[in-house]
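Colleague: I have some questions about how the terms are used here. Can we go through them one by one?

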Amino acid sequence: MIVVAGEALIDLVPAGPAAEDELPALLPKRGGGPYNTAVALGRLGSPVAFCSRLSTDHFGTALLGGLAADGVDTSLVQRGDEPTTLAVAHVAADGSASYSFHVEGAADRLFALPAALPEATRAVSFGTCSLVLEPGASAYEALLRRESERGTFTALDPNIRAGLIADPDAYRDRFRAWLPYVSLLKLSEEDAVWLAQSDDLVAAAKGWLGLGPSAVVLTRGGDGLTALTRAGGRIDVPGVPVEVVDTIGAGDTVNAALLHRLDSHGALADAGAELGAEQWRDVLGYAARAAALTCSRAGAEPPYAGELG
C-alpha cells in the first residue's frame, strides 16, 4: 500500500473567461496536491490510503466521497468540525494556474500524528501546504521521520506556495533538514529555483542528493522530466505534445505515476534501491504520458490505467 499524507481542499476554479472588470464565475472542485496524488494512484490501480484530517462540513464530506469513488482507503482520515480549506485558482492564457488560499482555522491544519500506519505500507508521499501550516506541519514532519527510520520509502514534493510561507529562509532550512529522511524528491523547475535560489538546477539537485535522497526528479513542463540519481546518473525524457487546457493537478499526477511505476519495478520494497537508466526512462516516460492527459482536460482529472496503455 502507498499512503499519501497531506491536505485536501476545495479549489474554486473559473467556470469560463470573464471580462477584466467582471468577477469570474467559480466552480468548486476537489483538490489539494496530496489529495490529487491519492486519487491518481487509485485510478492507476495502486493500493492507496489517504492520511489527513477532513472537515465534517459539506465540502469535507464531498472530498471523502471522491476518495472512496476512486478506490482510496480512507481509514486513516481524521475528521473535525472545522471548515475546509479553500483555494481560489487563477488560470492564465497558457493554462498555468496560480492560487490564493483561505486556510485559517481549517480542519487539515489540525492533523495529528497517527499511532501507526498499516503493516502493508510500502511508501508514504508528502508535500504542499501540509508541510507549511502549523500545527499540522510538525505532525506530518514527525510522520516523515518516523516512517523513514522504519525503512519505508518516502517521497516528497514541496510544491511551493510562496504566499503561505512567512519566512522563506526558515522554510528552506527546514526543507534541507527533511532530505535525510526522503527517498525520492520530486519538484518542478520553478520550485527548485525558489528553493535553491539559483538557476543551476543540476548543481542544486546534486547538493540535495548528497543530503539523502536516492533520486531527484525535476519536472520541466512541456519539455519533459529529468531524473538525477545518487549514483551519478542523469536520465531525460521529452514531454508528450498535447493541447493544454490547464495544468491543474499535473504535478500531482506525476507524483502518482512515479510511485506507481517505481512500484512496478520493485523499487518501493527497498527505500535505497537504484534503478538502471532504462528502468528510469520507463518510469519517467509513463509519468510524462500521465501528466499530458491531465493537462488535456480541465481541472485535476488524472487518467485511469486503461488510458495509458
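Modeller: Start with a definition: a residue is buried under 20% relative accessible area and exposed over 50%. Keep in mind that this is a predicted model.

Colleague: Then which residues sit on the face of α2 turned away from its buried side?

Modeller: That face carries His58 and Ala69, both exposed. The buried residues of α2 are Gly60, Leu63, Gly66 and Leu67.

Colleague: How do you know that the buried residues line one face of the helix?

Modeller: Look down the axis of α2. Its buried residues fall within an arc of 120°, so they line one face.

Colleague: What covers the buried residues of α2?

Modeller: The cover includes strands β2 (9-14), β3 (26-31), β4 (48-51), β5 (53-55) and β6 (78-80). Helix α1 (33-44) is part of the cover too.

Colleague: What makes the span of α2 close to the expected one?

Modeller: Helix α2 runs over residues 58-69, 12 residues in total. The expected span takes 1.5 Å times one less than the number of residues. That gives 16 Å, and α2 reaches 16 Å from its first C-alpha to its last.

Colleague: Why is Asn159 called buried?

Modeller: Its relative accessibility is 13%. The cut-off is under 20%, so Asn159 counts as buried. Asn159 is in the loop between β10 (153-157) and α4 (168-178).

Colleague: And why does Gln197 count as exposed?

Modeller: Gln197 has 57% relative accessibility. Exposed means over 50%, so Gln197 qualifies. Its loop lies between α5 (189-196) and α6 (201-209).

Colleague: What is the phi of each of these residues?

Modeller: Phi is near 45° for Asn159 and near 55° for Gln197. Most residues other than glycine have a negative phi. Asn159 has a positive value and is not glycine. Gln197 also has a positive value and is not glycine.

Colleague: Which peptide bond is cis?

Modeller: The bond from Glu134 to Pro135 is cis, with omega near 5°. Pro135 lies in the loop between β9 (123-127) and α3.

Colleague: How many cavities are counted?

Modeller: Five, at 30 Å³ or more. Of its 13 lining residues, the closest to its centre are Glu7, Asp108, Cys129, Ser130 and Leu133.

Colleague: Which element gives the largest share of that lining?

Modeller: Helix α3 (residues 136-149), with three residues. By class, the lining has seven nonpolar, three polar and three charged residues.

Terms used:
Residues numbered from 1 in each chain as written. Predicted model: local features only at pLDDT ≥ 70, side-chain atom pairs only at ≥ 80, totals over all residues. Heavy atoms only, no water. 1 Å grid on protein atoms, 1.4 Å probe; cavity = no way out; pocket = protein on both sides within 12 Å on 5 of 7 lines; lining within 4 Å. Points joined across faces, edges and corners; volume = space filled by probe spheres on them. Helix = DSSP H or I, 4+ residues; strand = E, 2+ residues; numbered from the N terminus. Nonpolar A, V, L, I, M, F, W, Y, C, P; charged D, E, K, R; others polar. Buried < 20%, exposed > 50% of the residue type's maximum accessible area, 1.4 Å probe, protein only. Arc of directions from axis to C-beta. Contact = heavy atoms within 4.5 Å.
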